[in-house]
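Biologist: Could you walk me through this one slowly? I'd like to start with a helix and then look at what surrounds it.

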Amino acid sequence: MDQTRKLLQAVVENGRMGESACDQLVARTDDLEMRKELLLEKRHYAGAAQEAELRLAALGERPRPKGAAARAGLWMGMRLNTMLDPSAAHVAEIAIQGATMGVVELTRARNSLAEADAQAQGVASNLITRQQEAIERLKAFLREKTMV
């Protein structure tokens, strides 16, 4: 698989994992503003993944989803992490950590796949930018934890 295909595949994986994480977090919070933010993020992740999938299809490639173990680990981690504290601040913290991991992974892929074509680089760059913007918006939800 050439570098363009590899980079597009990385965008698909990143986007689909982000989309799934947003779905799970939306289900775990009652805060209306947090839900709106997560749904906005989900649309960005889904759009990037779809764009990369269409580019892969044009190249005769089928996108590969993340493995079942990775998806199950994400589901269990989200469930456990929000069980005791489903507050908007805690959900924001989880979303920030996930988006940060996505930025790191996608930046690493871009840097190591520098020969990928300009369109693939652009798709990856756009998702990185969207994730960074989401991190900044999510910071507004962070609050000091109160002791009970």
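**A helix and its surroundings**

Modeller: At 1.5 Å a residue, the 21 residues of α5 should span 30 Å, and the end C-alpha atoms of α5 are 30 Å apart, which agrees. Please keep in mind that this is a predicted model.

Biologist: Okay, and which residues of α5 are buried?

Modeller: The buried ones are Ala-120, Gln-121, Val-123, Ala-124, Leu-127, Ile-128, Gln-131, Ala-134, Ile-135 and Leu-138. Seen down the axis of α5, these buried residues fall within an arc of 165°, so they line one face of the helix. On the other side of α5, Ala-118 and Gln-119 are exposed.

Biologist: What covers the buried residues?

Modeller: The cover over the buried residues of α5 includes α1, α2 and α4.

Biologist: And what happens at the start of α5?

Modeller: There, a side-chain oxygen of Asp-117 comes to within 3.2 Å of the backbone nitrogen of Gln-119.

Biologist: Switching topic, how many residues are in the largest nonpolar core?

Modeller: That core has 34 residues, and Leu-7, Val-11, Met-34, Leu-38, Leu-106 and Leu-138 are those with the most contacts inside it. At least two residues of this core come from each of α1, α2, α4 and α5, and α4 gives the most, with 10 residues.

Biologist: What does Leu-138 touch, then?

Modeller: Leaving aside residues up to four places away in sequence, Leu-138 touches Met-34, Glu-37, Glu-41, Ala-92, Ala-95 and Ile-96.

Biologist: Last one: is Gln-9 buried or exposed?

Modeller: Gln-9, which is found in helix α1, counts as buried because its relative accessibility is 3%, and buried means under 20%.

Terms used:
Residues are numbered from 1 along each chain as its sequence is written. This is a predicted model: local features need pLDDT of at least 70, side-chain atom pairs count only at pLDDT 80 or more; totals for chains, interfaces and linings use all residues. Side-chain values use heavy atoms; hydrogens and water are left out. Helices (H or I, at least four residues) and strands (E, at least two) are DSSP runs, numbered from the N terminus. Buried means under 20% relative accessible area, exposed over 50%, partly exposed in between (1.4 Å probe, protein chains only). A nonpolar core is a set of buried Ala, Val, Leu, Ile, Met, Phe, Trp, Tyr and Cys residues joined through side-chain atoms within 4.5 Å. Contact means heavy atoms within 4.5 Å. The expected span of a helix is 1.5 Å times one less than its number of residues. The arc is that of the directions from the helix axis to the C-beta atoms. A polar contact is a pair of N or O atoms within 3.5 Å; within protein, one must be able to donate a hydrogen and the other to accept it, and residues adjacent in sequence count only if both atoms are side-chain atoms.
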